[in-house]
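I set out to record what I looked up in this structure, entry by entry. The notes follow in the order in which I consulted the model.

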Amino acid sequence: MDQLKQELKEALIKSLNLEDVTAADIVDEEPLFGDGLGLDSIDALEIILILERSYGIRLAKPEEAKEIFFSINTLADYISKNRKK
């Protein structure tokens, strides 16, 4: 699971062009949106693409994205249960 979290952090940094952020800066349980990392709805679309391309996951219910995308922990948990790649 730690490997997956590291992989996710690196994918977020690369895909979202987070220039001044390192994987170590992203705290696993902190929110990715709002007060935490400060991501927005455009970033959420990019995360959906990461899930599809890297893990073969399509969000069946987009309304669940808020919970799934809350933090690195929730994202990694969802991927580990649903990954196809």
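**Entry 1: Glutamate 7 and its partners**

I began with glutamate 7, which touches Tyr55 and Arg83 when residues up to four places away in sequence are not counted. I note that the model is predicted. Glutamate 7 lies in helix H1.

**Entry 2: Arginine 83**

I turned next to arginine 83, one of the residues that glutamate 7 touches. I found arginine 83 in the segment after H4. Is arginine 83 buried, exposed or partly exposed? Its relative accessibility is 37%, so arginine 83 counts as partly exposed. Setting aside neighbours within four places in sequence, I listed Leu4, Glu7, Tyr55 and Ile57 as the contacts of arginine 83. Arginine 83 and glutamate 52 lie 31 residues apart in sequence, and their C-alpha atoms are 9.3 Å apart.

**Entry 3: The nonpolar core**

I then examined the largest nonpolar core, which has 26 residues. Which members touch the most other members? I recorded Leu51, Tyr55, Phe69, Leu75 and Ile79. At least two residues of this core come from each of helix H1 (2–15), helix H2 (41–55), helix H3 (65–68) and helix H4 (72–82). For leucine 75 I looked up the contacts beyond four places in sequence, and these are Leu8, Leu32, Ile47, Leu51, Ile68 and Phe69. As background, I note that nonpolar side chains tend to be buried together in soluble globular proteins.

**Entry 4: The whole chain**

I closed with the overall values. The protein chain has four helices and zero strands, in the order α-α-α-α along the sequence. The radius of gyration is 12 Å, close to the 12 Å that the globule rule gives for 85 residues, so I recorded the chain as being as compact as a globular protein of that length. Along the principal axes, the C-alpha atoms fill a box of roughly 30 × 25 × 20 Å. Of the 85 residues, 35% are buried. Among contacts with a separation of 6 or more, 56% join residues 24 or more positions apart. The chain exposes about 5400 Å², of which carbon and sulfur atoms supply 49%. Finally, I noted 11 positive and 18 negative charges, whose mean positions are 10 Å apart.

Notes:
Residues are numbered from 1 along each chain as its sequence is written. This is a predicted model: local features need pLDDT of at least 70, side-chain atom pairs count only at pLDDT 80 or more; totals for chains, interfaces and linings use all residues. Side-chain values use heavy atoms; hydrogens and water are left out. The radius of gyration is taken over C-alpha atoms; the globule rule is 2.2 Å times the number of residues to the power 0.38. Buried means under 20% relative accessible area, exposed over 50%, partly exposed in between (1.4 Å probe, protein chains only). Contact means heavy atoms within 4.5 Å. Accessible areas come from the Shrake-Rupley method with a 1.4 Å probe; for residues, only the protein chains shown count as cover. Lys and Arg count as positive and Asp and Glu as negative; His and the chain ends are not counted. The place of a charge is taken as NZ of Lys, CZ of Arg, CG of Asp or CD of Glu. A nonpolar core is a set of buried Ala, Val, Leu, Ile, Met, Phe, Trp, Tyr and Cys residues joined through side-chain atoms within 4.5 Å.
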